[in-house]
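Please look through the model below before reading the comments. They are written as a colleague's note, for someone new to reading structures.

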Amino acid sequence: MLLQVGSTPTLVVSSLEMAEEILKTQAVVFANRPPMSNTKKLFYGATDIGFSPYGPYWSQLRKFCVHELLSAKRVRSIRYISEEEVAITVDTISHSCKVGDSVNMTDLLHTLTNNLISRVALGKIYQDKDDVNSKLWKLVREVGVLSITASVEDYFPSLGWIDKLTGLDGRMKRVSKELDAFLDLVIEDHLTSNKDDRSQANQENFVDLLLQAHKDSTFNISLTRDNIKAIILGILTGATGITANTMECAMVELISKPTMIRKAQEEVRKVVGKKSMVQEGDILQMNYLKSIVKETLRLHCPPLLVPRESIEDTIVKGYHIPAKTKVLINAWAINRDPKLWDKPEEFIPERYSNSSTDFKGEVLQTLAFGAGQRGCPGSLFALASIELTLATLLYWFDWELAGNARKEGIDITEVSKRSIQKNHLYLLPNFHFS
Ligand code: HEM
């Protein structure tokens, strides 16, 4: 479907066949991101990885990201951080169990992923008496919302002044200013702290790696201080909320299906046995858990992928698509297409049990993470963290809905479309091992 939105031709792709053409067959033609005034203002001229235009700068950055920041080797080497953060979450839940309290799963899972990404990207959790940490994540959430907020300037360039009147511009300036001060503090902290004093773990964080790339030419990438701030902000914004939301949606699906949660717990408990923690090798044997994560991503990933833009005129399945057409992949429709899925609206992890394709496979299997040149480079890391967290929660505790939700049930669509946390998910945990 081609829409003319203001001065921007916008192609909405709602079939797998067309999505494959764009993400795979003509991957380079559609490897650009449309210029958006909000992302330019929020991400230092759109110089982060996700929003920078296709070209030599993005290409260098992407290589650095895939080979250095988020390579399979790095994901393995930072696994212990996920394990430590998940253990802290288990401690918090255990305390609630002892006193018979419910837990706010929304908060708990967001804190878990925020802390995890802080340690991986920044080397530590920035906490002090002024509670910098929670302010940081509030601002990061606001950046996430602002970066997908439509600005009048993008569609009607001559009416850009309206964004000032609506307060959008002012909001962006305020958020950017506060975050800029924080990112400066982080960079100074890394530049001045003595490397020898730091553990090996802390030397491996993204800020240090980017500063190293900035200083020497080992990685053949030229970065300014603002570029580093943009990249870090892009990772904080793109990595946390979506990962926590996937975990939360999986818990909501399971909690409302007693047979399914029991089946998942039986698998996890059988594989882990009497060990006190879930290990990497264990997850490899948890096929049902992996199917639950796949099914959660099918039904609850964001409805539209991050927009793309055509670099040049092209023909897609007989249709002429002009250069600079904005392309929206409608993952929601493809993931519910009855031609592709049996009972598409239902949550059925068993649908994958006969399938040999995994997340590295076809476009359909990876759709939540996009594909091709601009596909998500954090998918390995995200999946590893989601699987470890869910397996651990299912191993240690039995779960039920708490409070009003016990009577009224919970509306999963409210959870999956939530961009700012409103209705929190409360669950009552019980120790499985007394
Ligand atoms: C469940 C979790 C996640 C989902 C569903 C997800 C999804 C996506 C999607 C749909 C895209 C756009 C892909 C495209 O245009 O084809 C993307 C891009 C990106 N993601 Fe993720 N993501 C997740 C977690 C993460 C994590 C944990 C990180 C980093 C630690 C990350 C880093 C990025 C980056 C840097 C890009 C931009 C890539 C580029 O434009 O070259 N993501 N992600």
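1. Basis of the note. Each chain is numbered from 1 along its sequence as written. The model is predicted, and local features are reported only at pLDDT of at least 70, side-chain atom pairs only at pLDDT 80 or more, while totals for chains, interfaces and linings use all residues.

2. Confidence. pLDDT is the predictor's confidence in each residue, on a scale from 0 to 100. The protein has a mean pLDDT of 90, with 91% of its residues at 70 or more. For the complex, the predictor gives an ipTM of 0.99 and a pTM of 0.93. Helices (H or I, at least four residues) and strands (E, at least two) are DSSP runs numbered from the N terminus. Two residues are in contact if their C-beta atoms, placed from the backbone, lie within 7 Å.

3. UniProt, in an unreviewed entry, lists Cys376 under "binding site". Such positions are given in the numbering used here, with shortened feature names, and annotations may be inferred rather than shown by experiment. Cys376 sits in the loop between α18 (363-366) and α19. Is Cys376 buried or exposed? It counts as buried because it has 20 C-beta neighbours inside 10 Å. The cut-offs are 20 or more other C-beta atoms within 10 Å for buried, 12 or fewer for exposed, and partly exposed in between, with C-beta atoms placed from the backbone. Leaving aside residues up to four places away in sequence, Cys376 touches Phe369 and Gly370.

4. Leu70. This residue lies in the loop between α3 and α4 (72-77). Leu70 is buried, because 24 other C-beta atoms are within 10 Å. Its contacts, not counting residues up to four places away in sequence, are Cys65, Val75, Pro377, Gly378, Leu380 and Phe381. Leu70 and Gly378 are 308 residues apart along the chain, yet their C-alpha atoms are separated by 6.3 Å.

5. Strands around β7. Two strands pair if DSSP finds at least two bridges between them. Strand β7 (residues 326-329) pairs with strand β2 (residues 8-13) in the parallel sense over 4 bridges, and Thr10 stands opposite Lys326. Strand β4 (residues 308-309) runs antiparallel to β7, joined by 2 bridges; Arg308 has Val327 as its bridge partner.

6. The other sheet. Three strands form an open sheet in the order β3-β9-β8, with antiparallel pairing. Its edge strands, β3 (103-104) and β8 (397-401), each pair on one side only. Between β8 and strand β9 (residues 426-431) there are 5 bridges, and Trp399 stands opposite Pro429.
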